[in-house]
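Here is a briefing on a single-chain model, grouped by topic. Please read it alongside the sequence and the coordinates.

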Amino acid sequence: MSSDRSFLAFVMLFAATWLVAFPGFAQTKHVRLDEPASLSPDYNYANPQMPDHIRALDFLDNTPAENPVTDEGAHLGRVLFHDRQLSKNGLVSCASCHTAAIGFDDQTRFSIGFSGQITRRAAMPLANARFNPRGRYFWDERAPTLEDQVLDPLTDPIEMGLMPKQAISRISSRPWYPPLFEAAFGDNEVTDQRIAAALAQFVRTLISQSSPYDKAKASAGPDTSATEPFPEFNPTENRGKFLFFADRSQGGVGCSSCHETDAFVMLRPRNNGLPPSDREIDNGLGEITGETADNRLFRAASLKNIEKTAPYMHDGRFASLDEVIEHYSGKIEPHPNLSAELRNPDGSPIRLNLDDQDKAALIAFLNSLTDEEMMADERFSDPFILTTN
């Protein structure tokens, strides 16, 4: 009976995700194909046009020399990413928990696996995953590379439920995959390493570069300081921009001390003063390293598209950006490992006590990081979906 309820919850939430992510679904016909619509790499993945401030992030790029992004490899990765047959019962794909229209994230607090069971932590948005110089992935950094990370959901007993040999067998048996593997790797052999390489290539192409912030940044030029107002922004957005980038000594909040660069990424895991979860004690990085000093440290995804990626935090405890801002404004809790950026000189948690105007300004700025063009980019869309009017 409990398994029946879990499956029903899965079906209901899966349907709800589609209706929210694709509000025009009822008016537009979406036909799911048995095979991808195209077997050729129709898009430029390897050398996309990017503004200078995004190209300047190359120093954060962890793409290994042995797995550069190619058009053919990323195209194969796109097909694998959207293929529901890579789950045990054919109901979920990687894209089920990383939906383009909601920032390559999952709108549920805990993702729902192939059989209706829920995961331990929230899914992580994928925008700008490429810009991670530590090279480690998941909230607790347990995956040493992106190539390791992308295979984990396929074999996870809750998420997709396939054993490695099953994944290889299932992929090899589908007639469209051999030519895709041959185009990407020179021959049609299917291996774990090649599945991982192609998926990682695709994920590394998910770069956000077209948000209102990016367009204003590109227009402002390289000599504009982070705290200077953008002419394209309204006063509220510029106030939020100042608060985000200016440190507390300058009258700002200093968000950028943790969410760094124009990729808006966290370069190392941190403890942000959250109390233990209402679900279970989760020590994050400390569970992996066994070091007490690492307890309650978590990595975070890029803030790009954060307007779309609720709920927030590793356990999805905050349903809105208002709740997130409220936490940092006055609810940070003490912890031996609380990050230095969130401490007063005496070690106590900071209390920013932001007024309503500044809270609204920060949210307005964060909303400027929404990249609608990225989320609608056909290069990242589901190749198994045929859309007609």
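F138 counts as buried, at 13% relative accessibility (buried means under 20% relative accessible area, exposed over 50%, partly exposed in between, with a 1.4 Å probe and protein chains only). The model is predicted: local features need pLDDT of at least 70, side-chain atom pairs count only at pLDDT 80 or more, and totals for chains, interfaces and linings use all residues. Residues are numbered from 1 along each chain as its sequence is written, and side-chain values use heavy atoms, with hydrogens and water left out.

**Confidence and overall shape**

- The chain has a mean pLDDT of 91, and 92% of its residues reach 70 or more (pLDDT is the predictor's confidence in each residue, from 0 to 100).
- Over residues 1-9, pLDDT stays under 50. The model has 6 contacts beyond four places in sequence for this stretch (contact means heavy atoms within 4.5 Å).
- The chain holds 14 helices and 2 strands (DSSP runs numbered from the N terminus: helices are H or I with at least four residues, strands are E with at least two).
- The radius of gyration is 21 Å, close to the 21 Å that the globule rule gives for 389 residues, so the chain is as compact as a globular protein of that length. The radius is taken over C-alpha atoms, and the rule is 2.2 Å times the number of residues to the power 0.38.
- The C-alpha trace spans about 60 × 50 × 45 Å along its principal axes.
- Of the 389 residues, 52% count as buried.
- Among contacts between residues at least 6 apart in sequence, 69% join residues at least 24 apart.

- Most residues other than glycine have a negative phi, and most peptide bonds are trans.
- F138 is not a glycine, yet has a positive phi of about 80°. F138 sits in the loop between α4 and α5.
- M313, also a residue other than glycine, has a positive phi near 80°. M313 lies in the loop between α11 and α12 (321-331), and is buried at 14% relative accessible area.
- P311 is in the loop between α11 and α12. A cis peptide bond joins A310 and P311, with omega about 0°.

- T191 lies in the loop between α7 (177-185) and α8 (192-204). T191 is buried, with a relative accessible area of 14%.
- The T191 side chain reaches the backbone nitrogen of R194 at 3.1 Å.
- α8 has 13 residues and reaches 18 Å from its first C-alpha to its last, close to the 18 Å expected at 1.5 Å a residue (expected span is 1.5 Å times one less than the number of residues).
- Of those 13 residues, 11 are buried, among them R194, F202 and R204.
- Cover for the buried residues of α8 includes α3 (71-82), α4 (94-97), α5 (146-155), α6 (164-172) and α7.

- Y213, D214, A216 and K217 are buried in α9 (residues 212-220). Seen down the axis, the buried residues of α9 fall within an arc of 165°, so they line one face of the helix (the arc is that of the directions from the helix axis to the C-beta atoms).
- These buried residues pack against α2 (52-55), α10 (235-245) and α13 (356-367).
- F264 is in the loop between α10 and α11 (285-289). F264 is buried, with a relative accessible area of 0%.
- Beyond its neighbours within four places in sequence, F264 contacts residues including Y213, F244, F245, H259 and F365.

Note on methods. Polar contact = N/O pair within 3.5 Å; in protein donor to acceptor, adjacent residues only side chain to side chain.
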